[in-house]
Each structure stands twice: as structure tokens, then as C-alpha cells.
Amino acid sequence: MNLEKILAVSGKPGLYALKVQTRTGFVAESLTDGKKITVSLKSNVSLLSEISIYTHDGEKPLTEVFQRIGTKENKGQAISHKEDNAKLAAYFKEVLPDYDEERVYPSDIKKVLNWYNTLQAKGLVTDLAPAAAEAKEEAVVEEKPKKAPAAKKAPAKKPAAKKEE
């Protein structure tokens, strides 16, 4: 899943796709209703690709959390973000067993599930597995046979300067 151009804008509900960058900000299109908005550089904007969830071992990228939800739900809709907090916490514990309950609040879980369901409704969850495969392919670099280094030439001698008499 490519979350590089998917944004969450503070103060605006839902998710937005980055369309065009301008001198004073950028234009984004809502994933829910398709309306375009202009966002200034002063606005608090988060790229979903830069968001992580706290775990006991460190942090898990949001893409990986979405992949786990997609695997659990067979790329279908997750439970509604409007469920009660206990049910949401239990669901999230199934998806990400080592998440840090003290640092990940119920409001965070609601956002993650709402964002996942929004992306799933737009058909952006279908490419979860290829994104993981692409990342692995990029990490594995094939070694090409190395050529023998060419012999180095001695630097050219500079002609001696003539002395004027």
C-alpha cells in the first residue's frame, strides 16, 4: 500500500490525497467525497507513511498495521471505529498484540480503524501484499560481477617554466 500521498489534515475530517503543490501550500482531494481543498503551509498535516504505532519493542509503521488488519479481514472492512473502547482495544490487541496500551489511546485506535476503512472503501487496500514485496525487493540488491580495476596512469608532467633574463 502506497501511503506516500495520503494525508491527514488537522481540523479536517477524513483523509486526503495530495494532488498539486503550490507556492503557498498544496491542493488535496478528499477520499470520502472527492472535494478539493487548499491547504496552507501553516496547517498541521501528517503523511500516513510517516505515522507509526507505539509497541513494547519500538514503533510499527502504519502501513504494517494496515497490512495486518487487511490480512485479518481478508482485505475487507474492519470493525467500525464507533464501537465501544473495550471492543476496539480487544480488536487492536488481536491485530497488533504487542502495542503499548499506555501510549496508544482509544482515540488513536479509532483513527487507525477509520482510516483503514476509508482506504478500503476506495479500493486502496488491495495492493497490501505487493507493497511488502516491493520493499523486500528494494532491500535485496543483486551483486554484479566486479571488473578488475584499470591500471592507473602516472600524472602528466608539467613543462618547466622558462626563466626570463
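1. Val9 sits across from Val45 in strand β5. Strand β1 (residues 6-9) and β5 pair in the antiparallel sense, over three bridges. Two strands count as paired if DSSP finds at least two bridges between them. Strands (E, at least two residues) and helices (H or I, at least four residues) are DSSP runs, numbered from the N terminus.

2. A quick word on what you're looking at: this is a predicted model, where local features need pLDDT of at least 70 and side-chain atom pairs count only at pLDDT 80 or more, while totals for chains, interfaces and linings use all residues. Residues are numbered from 1 along each chain as its sequence is written, and side-chain values use heavy atoms, with hydrogens and water left out.

3. Now zoom out to the sheet. Five strands make an open sheet, ordered β4-β3-β2-β1-β5, with antiparallel pairing. β4 (36-40) and β5 (45-47) are at the edges with a single partner strand each, so one side of each has no neighbour in the sheet.

4. On to the helices. The axes of α1 (residues 62-72) and α3 (residues 106-121) come within 11 Å and cross at roughly 70 degrees; axes are lines fitted to C-alpha atoms, for helices over the stretch in contact, and angles run from 0 to 180 degrees between N-to-C directions. That makes α1 roughly perpendicular to α3 (the label covers 65 to 115 degrees).

5. Who touches whom? On α1, the contact (heavy atoms within 4.5 Å) is made by Leu62, Val65, Phe66, Ile69 and Gly70, and on α3 by Val112, Leu113, Trp115, Tyr116 and Leu119.

Terms used:
Parallel < 35°, antiparallel > 145°, perpendicular 65-115°, else oblique.
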